[in-house]
Amino acid sequence: MKQEFPKGEINTISGPSLVIKGDDIDTDRIIPARFLKCVSFSALGEQVFADDRKELQGNHPFDLEQHKGSNILVVNDNFGCGSSREHAPQALMRWGIRLIIGESFAEIFFGNCLALGIPCMTASKQEITKLQNLVRENPNQIWDFNLKELSISNQKESFSLDLEGGAYKMLFSGKWDATSQLLDAEEKINNIVKNLPYLNNFKY
Amino acid sequence: MSSGTLYDKVWNFHQVKELPGGSTQLFVGLHLIHEVTSPQAFSALNEKNLEVKFPNLTVATVDHIVPTLNQQRPFSDPLAEEMLSTLEKNCKTHGIKFHGIGSNSQGVVHVMAPELGLTQPGMTVACGDSHTSTHGAFGAIAFGIGTSQVRDVLASQSLAMKKLKVRRIWVDGSLQKGVYAKDLILHIIRLLGVKGGVGFAYEFAGPAIEKLSMEGRMTICNMAIEGGARCGYINPDETTFEYLKGKEYSPKGQEWDNAINWWKSLVSNSKAKYDDEIQLDGSSIEPTVTWGITPGQGISIKEKIPNPEELPKNEQQIAKDACKYMNLKADQPIEGTSIDVCFIGSCTNGRLSDLQEASKIVKGRKVSAGIKAFVVPGSQKVAKEAKQKGIDKIFLTAGFEWREPGCSMCLAMNPDKLEGRQISASSSNRNFKGRQGSANGRTLLMSPAMVAAAAINGKVTDVRKLLQE
């Protein structure tokens with residue numbers, strides 16, 4: 001089956017969740033460097049968390065049968081730190097992840113996810129722990145994420161989530177794919193090129 | 001909100017416009033690319049039928065995947081060869097200058113660009129690599145980006161970015177003998193944590209910073225990202241200008257004088273406002289070594305590996321993970337920890353002065369039996385200058401291997417890897433689980449001189465003891 005990747009307005013995402021526990025999970029762990037030897041992102045989905053999965057011999061959340069088809073990932077603090085490799089969110093996206101909820105995210109990782117249309121939502125440590133426990137207790141539970149309401153809920157429980165204003169507007173309007181917006185400013189860019197001292201023999 | 005800092009001034013020069021989402025469209029003055037994070041960006045450009053907007057503002061080299069033993073083409077690893085030839089093809093198609101193998105100017109992107117004079121004060125520098133913060137050492141705003149942003153910069157010479165807050169880290173005093181820039185930055189990351197810098201640009205300032213060479217300053221800014229700060233910088237001064245003078249891409253003649261005037265005008269005002277300020281004493285810092293699995297898990301050479309139970313609550317779990325993964329016992333001294341592999345190189349510490357300082361420790365001594373020790377110069381220029389000074393001979397005589405330039409075992413995308421549970425003393429920047437090419441390999445980060453000392457003694461050693469002998 002060909003995967004549909006995020007496009008346009010990201011308003012609602014529904015599906016089962018899975019949990020990756022631990023603070024400071026770096027992008028080397030999400031996708032080890034040897035898998036960066038590629039000129040296309042297409043094979044990365046199978047390789048996500050490769051070393052952790054090998055170590056757990058089939059018991060890693062990304063291998064468990066009960067999590068097949070999950071599209072929401074719940075993590076802890078400073079998720080995605082380290083290398084700027086977009087291969088990390090690409091690998092998560094190609095495995096099937098469409099939304100990540102955590103205590104906090106590393107900056108470059110957050111931006112890379114945004115550029116793919118994957119919201120990285122935050123909540124307090126307490127709330128995350130509660131959500132993670134609920135997901136673990138009932139992995140088949142369908143969760144409904146609503147960007148406008150900044151919440152994720154099932155029939156019984158609802159959690160408030162946070163997202164900084166800029167990213168919210170980009171996802172809500174569907175304008176998270178920046179290229180066309182950036183190209184709109186051609187004249188202004190040319191102006192900067194004409195005026196930046198270091199591009200003009202330092203005459204200023 | 002900050003005002004009057006170098007960050008504010010450089011930001012203003014490069015602001016294209018405010019974007020509807022609240023971020024800023026920022027012009028990129030120097031775009032550096034390499035073989036790992038650019039191929040998908042060029043493919044995306046082709047799919048969208050877009051051109052490279054300013055090919056003369058993008059510069060390419062190859063570093064991550066190059067083998068360091070034999071750089072004959074084609075590389076023996078077909079995937080590595082494919083990545084290099086894809087980059088060559090993309091550069092040729094789009095008219096981008098490529099510093100390849102055999103060009104005499106190839107090297108780790110954050111080593112070769114500064115030494116060519118490409119990186120200058122007041123620029124915005126972007127590259128698909130988190131250690132782009134290195135270039136901030138010149139008083140540039142430099143930051144790592146993902147592949148989608150590489151595509152955006154190729155297409156528009158700009159990207160969407162939120163302005164960061166600015167934290168000034170003021171370092172008093174001066175570093176003691178045997179204590180290097182690497183020790184200082186490991187110490188800072190230990191103090192502020194691996195996510196302490198998220199949302200901030202770090203301005204490193206104060207007497208201890210001013211006394212550092214450009215190469216030391218690059219080591220500091222290089223690892224800003226390990227403290228969570230996407231961007232770190234140091235105000236340009238005479239040390240900066242002295243370094244840049246006469247470099248291939250540096251301004252010359254009248255332009256040079258004009259450039260210095262402009263560069264000086266960018267320095268943070270004495271009454272600049274910062275979002276946060278921190279002060280520490282550089283004189284009291286000791287050689288620092290990481291014992292765990294994040295660059296924030298560092299201790300001085302005189303300290304013992306911490307007992308997780310005695311750490312602040314939010315550090316306990318990762319400290320427990322680290323003890324288990326590293327197979328190191330709490331309350332044991334870090335000094336004397338046996339090691340298997342010694343790696344001197346990387347964008348953090350693969351420059352001439354790094355090799356020079358390490359060679360002083362190695363000179364007249366031998367690598368301890370059973371230790372694999374190797375030096376990977378950061379660039380072809382570094383390798384050439386080191387050879388002219390006879391530094392390669394010092395290492396070779398002592399039993400080190402002397403390799404060809406590249407990123408090598410910093411991230412092990414080439415054949416240089418740890419094996420099994422091996423533990424390395426490494427002058428690189430990350431001690432993450434599996435970082436150096438073995439899923440359960442272990443890394444102790446330290447200065448190049450400390451790596452040299454570890455190689456001689458076969459165990460973690462206070463380099464000051466070898467400096468005295």
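In this predicted model, the residue that comes just after helix 11 of chain B, Asn327(B), takes a positive phi of about 55°. Helix 11 itself covers residues 313–326 of chain B, and its 14 residues reach 20 Å from the first C-alpha to the last, close to the 20 Å expected at 1.5 Å a residue. Its buried residues are Ile318(B), Ala319(B), Ala322(B), Cys323(B) and Met326(B), and these pack against strand 19 of chain B, residues 442–445.

The largest nonpolar core has 211 residues, among which Cys342(B), Val451(B), Ala452(B) and Ala455(B) touch the most other members. Helix 16 of chain B, residues 448–457, contributes the largest share of this core, with eight residues. Once neighbours within four places in sequence are left aside, Ala452(B) is in contact with Ile344(B), Ala358(B), Ile361(B) and Val362(B).

The domain assignment of chain B gives domain 1 (6–161), domain 2 (165–284) and domain 3 (300–468). The C-alpha centres of domain 1 and domain 2 of chain B lie 22 Å apart, and the contact takes 25 residues from domain 1 and 29 residues from domain 2. On the domain 1 side of this contact, helix 1 (6–14), helix 4 (109–115) and strand 7 (141–144) of chain B each supply at least two residues. By class, that side of domain 1 has 13 nonpolar, 11 polar and one charged residues.

Elsewhere in chain B, strand 1 (residues 15–18) and strand 2 (residues 24–27) pair in the antiparallel sense over three bridges, and Lys17(B) stands opposite Gln25(B) of strand 2. The hairpin that these two strands form has five residues between the strands, and Gly22(B) takes a positive phi near 100° there.

Most residues other than glycine have a negative phi, and most peptide bonds are trans. Against that background, the table lists backbone features of interest together with their locations.

| Site | Backbone value | Location |
|---|---|---|
| Asn201(A) | positive phi of about 55° | segment after helix 8 of chain A |
| Arg73(B) to Pro74(B) | cis peptide bond, omega near -15° | Pro74(B) in the loop between strand 4 (58–61) and helix 3 (78–94) of chain B |

Asn201(A) is partly exposed, because 13 other C-beta atoms lie within 10 Å, whereas Ser408(B) is buried, with 33 other C-beta atoms within 10 Å.

Chain A has eight helices and eight strands, and its C-alpha atoms fill a box of roughly 65 × 40 × 35 Å, taken along the principal axes. Buried residues make up 46% of the 204 residues in chain A. Of the contacts in chain A with a separation of 6 or more, 72% are accounted for by residues 24 or more positions apart.

Finally, the contact between the chains takes 52 residues from chain A and 67 residues from chain B. On the chain A side, the elements that give two or more residues are helix 1 (27–30), helix 2 (50–56), helix 4 (107–114), helix 6 (165–173), helix 7 (179–183) and helix 8 (186–195) of chain A. By class, the side of chain A that touches chain B has 22 nonpolar, 13 polar and 17 charged residues.

Key. Residues are numbered from 1 along each chain as its sequence is written. Chains are lettered from A and ligands numbered from 1 in the order in which they are written. This is a predicted model: local features need pLDDT of at least 70, side-chain atom pairs count only at pLDDT 80 or more; totals for chains, interfaces and linings use all residues. Two strands pair if DSSP finds at least two bridges between them. Helices (H or I, at least four residues) and strands (E, at least two) are DSSP runs, numbered from the N terminus. A nonpolar core is a set of buried Ala, Val, Leu, Ile, Met, Phe, Trp, Tyr and Cys residues joined through C-beta atoms within 7 Å. A residue is buried if 20 or more other C-beta atoms lie within 10 Å of its own, exposed if 12 or fewer, and partly exposed in between; C-beta atoms are placed from the backbone. Two residues are in contact if their C-beta atoms, placed from the backbone, lie within 7 Å. Domain bounds come from an automatic or database domain assignment. Ala, Val, Leu, Ile, Met, Phe, Trp, Tyr, Cys and Pro count as nonpolar, Asp, Glu, Lys and Arg as charged, and the others, Gly among them, as polar. The expected span of a helix is 1.5 Å times one less than its number of residues.
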